[in-house]
Amino acid sequence: MTDILFREEVYKIVGVCMAVYNTLGHGFLEVVYKDAMEIEFSNIEMEFEREKEFPVFYKERRLNRTVYADFCLFENIIVEVKANADGILNEAIAQIINYLKASGNRLGVIVNLGKSKLEYKRIVF
């Protein structure tokens, strides 16, 4: 049996997202959900950084640009929040893969609160 990377941590993250979704429902802008998630993460004393900045390198040279992940939790998990009525799009998957490349982390979670049902997807890199 294969171990699932950060199983318990992702379970806690999704639990927070469900609490936010159950309270707010769908239809808000992403920033509203991120503000609510920040409150929930703080309330349960979950270790997180919001808008975590990561440098981008090209052939071992640091570029002038950086990327900002919505959340970095437990120092190892990138969380990208979406509020898209069309669901989790390929562009969001590509975005989180790029964040994983830049951060050196192995696991990302995309959470979409824009539909009538909460969606999430684990991305292992």
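Is Phe71 buried or exposed, given its relative accessibility? At 0% relative accessibility, Phe71 counts as buried, where buried denotes under 20% relative accessible area, exposed over 50% and partly exposed the range in between, with a 1.4 Å probe and protein chains only. The structure is a predicted model, in which local features need pLDDT of at least 70 and side-chain atom pairs count only at pLDDT 80 or more, whereas totals for chains, interfaces and linings use all residues. Residues are numbered from 1 along each chain as its sequence is written, and side-chain values use heavy atoms, with hydrogens and water left out.

The sheet is open and is formed by 5 strands in the order S1-S2-S3-S4-S5, with mixed pairing; helices (H or I, at least four residues) and strands (E, at least two) are DSSP runs numbered from the N terminus, and two strands pair if DSSP finds at least two bridges between them. Because strand S1 (48-58) and strand S5 (119-124) each have a single partner strand, they stand at the edges, and one side of each is left without a neighbour in the sheet. From one strand to the next, the twist averages 35°, angles running from 0 to 180 degrees between N-to-C directions of axes that are lines fitted to C-alpha atoms, for helices over the stretch in contact. Strand S3 (residues 77-82) pairs with strand S4 (residues 107-112) in the parallel sense over 6 bridges, and Glu80 has Ile110 in S4 as its bridge partner. Helix H2 (residues 30-43) packs on the sheet and touches S1, strand S2 (61-73) and S3, its direction making about 115° with that of S1; contact here means heavy atoms within 4.5 Å. Helix H3 (residues 90-103) also packs on the sheet, where it touches S1, S2, S3, S4 and S5, and its direction makes about 150° with that of S3.

Across the whole structure, 4 aromatic pairs are found, rings of Phe, Tyr and Trp (its six-membered ring) being paired if their centres lie within 6.5 Å, with planes under 30 degrees apart counted as stacked, over 60 as edge-to-face and the rest as tilted. The rings of Phe28 and Tyr33 form an edge-to-face pair, because their planes stand at 85°, with the centres 6.1 Å apart. Phe28 is partly exposed at 39% relative accessibility, whereas Tyr33 is buried at 0%. The rings of Phe41 and Phe71, with centres 5.2 Å apart and planes at 80°, are likewise edge-to-face, and this pair links distant parts of the chain, Phe41 lying in helix H2 and Phe71 in strand S2, 30 residues apart. Phe41 is buried at 0% relative accessibility, and ring pairs join Phe41, Phe48 and Phe71 into a cluster.

A search of the whole structure also finds 7 salt bridges, each defined by a side-chain nitrogen of Lys or Arg within 4 Å of a carboxyl oxygen of Asp or Glu. Among them, Lys34 meets Glu51 at 3.6 Å, N to O, a pair that links helix H2 with strand S1 across 17 residues. Glu51 is partly exposed, with a relative accessible area of 34%, and has a positive phi near 50° although it is a residue other than glycine. Through shared partners, salt bridges join Lys34, Glu51 and Asp70 into one network.
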